[in-house]
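Here is a short walk through one protein model and its ligand. Take a look at the structure, then read on.

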Amino acid sequence: MKLLTEYRAPHLTLPNRVVMAPMTRLRSHADGSPTADVADYYSQRASAGLIVTEGIWPHSSGQSEAWVPGLQTPEHVAAWRRVTASVHAAGGRIFAQLMHGGRKGHPLARIDGSLPAGPSAVSDGDVLHLIDGGKAESLTPRAMTRADIEAAVRHYAAAARNAVDAGFDGVEIHAANSYLVHQFLADNTNLRDDEYGGTPANRMRFALEVTDAVVAQVGSRRTAIRLSPGNPQFGMREQDPAPLYRALVAELDRRDLAYLHLTDNDDYPALADLRPRWHGTLIANVGENRAPTSAEAAERTLRAGHADLVSFGRAFIANPDLVHRITHDLPLAPIREEVLYGRTAEGYSDYPSWTAASATSAA
Ligand SMILES: Cc1cc2nc3c(=O)[nH]c(=O)nc-3n(C[C@H](O)[C@H](O)[C@H](O)COP(=O)(O)O)c2cc1C
């Protein structure tokens, strides 16, 4: 299978083309420092060609939910250093996903108690985990001022620097799936009438400012970005995604980034449309809103020339040795949905590898 072959590019050399997709799991301490379980979880999955972490807030004003990790403080850096060291010791490679919630947030879900702010005062309606263990809908955000926008750009850059200091191989800017950068790109969440709103060129300004600030801090070969053109999750509606994403990808292409991570979509076939406009490494995610990505779907995507690498989300949750199982055509374990999010190792780092499960059942 092409999926299992080595990948070599100027910025990345990977033993296979199976990428672990970013997945929020809410296993951090309340202050946003990843726990010892987080190090176990990622190092168990180090046979992936590349791991992209769960979304991590660059600054507490971008914390979307309780128990999501951060990359703002020296304590965060020290705790993430244990995670990256453990992944590297197990032979893996790991990028940190920088995820700013923007309008998605609630004062009771974040450590600084602040109100959420996004491009415009348009509510999200997503149900969020609160620090006290309860749940509540995102509040209607306030519209970000120019000073808020400048601060957010600085926060991404500082977090990228912290990520590299913590031993990450690079950072992925989360510009997908309804988070802050996507909120600027989409016309139903960005109603601004200044230079950050209106035309596609204006709506993509924030994405490019964030990218340039991160590149200035950590270099283009350590900077990547994830886009989900036309993804309708969490009330996002993009009337006519093609012109904006074509222009954005053309701009990003000039920046020689580590990779572009692109989720495909039913209404707008982003992979087919945008692959020819991107000359660097492309990671496809073909599973959003559908069945979990399968090895067969991944292989078809690679063979069609739509991507260099494919990311797997849900299959990696229950199968730490996913690459081994694909290699030997072994059955995949199912996810235990009831412990998808939680405070402990249960449903997180307690999924056995095939070898361990076979040894237990034979005993
Ligand atoms: C539990 C869970 C948490 C997720 N959290 C994130 C996230 O933090 N950042 C992100 O970009 N996508 C996130 N996603 C989307 C996944 O990265 C991926 O695109 C999606 O699961 C589809 O791929 P799959 O079919 O292989 O699971 C999440 C998905 C799941 C299932």
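How do the residues of the shell around the ligand divide into nonpolar, polar and charged? Nine are nonpolar, nine are polar and three are charged. Keep in mind that this is a predicted model.

Now look at the shell itself. There are 21 residues around the ligand. Five of them come nearest: Pro 22, Thr 24, Arg 226, Thr 293 and Gly 313.

A polar atom of the Thr 293 side chain lies 2.7 Å from an oxygen atom of the ligand. Asn 285 also places a polar side-chain atom by a ligand oxygen, at 2.8 Å. For His 174, the distance from a polar side-chain atom to an oxygen atom of the ligand is 3.1 Å. How much of the ligand does the protein cover? On its own, the ligand has 610 Å² of accessible area, and the protein covers 90% of that.

Next, turn to the helices. Start with helix 1, which spans residues 36-44, and helix 2, which spans residues 74-89. Their axes lie 8 Å apart, and the two pack at an angle of about 25°. Angles under 35 degrees count as roughly parallel, and helix 1 and helix 2 are therefore roughly parallel to each other. The crossing of helix 1 past helix 2 is right-handed.

A further pair is helix 6, residues 205-218, and helix 7, residues 241-253. Here the packing angle is about 15°, with the axes 11 Å apart. That angle makes helix 6 roughly parallel to helix 7. Helix 6 passes helix 7 in a right-handed crossing.

Terms used: Residues numbered from 1 in each chain as written. Predicted model: local features only at pLDDT ≥ 70, side-chain atom pairs only at ≥ 80, totals over all residues. Heavy atoms only, no water. Near = heavy atom within 4 Å. Polar contact = N/O pair within 3.5 Å; in protein donor to acceptor, adjacent residues only side chain to side chain. Areas by Shrake-Rupley, 256 points an atom, 1.4 Å probe, with all protein chains shown as cover. Nonpolar A, V, L, I, M, F, W, Y, C, P; charged D, E, K, R; others polar. Axes fitted to C-alpha atoms, helices over the stretch in contact; angles between N-to-C directions. Helix = DSSP H or I, 4+ residues; strand = E, 2+ residues; numbered from the N terminus. Parallel < 35°, antiparallel > 145°, perpendicular 65-115°, else oblique. Left-handed = near helix turned anticlockwise from the far one by under 90°.
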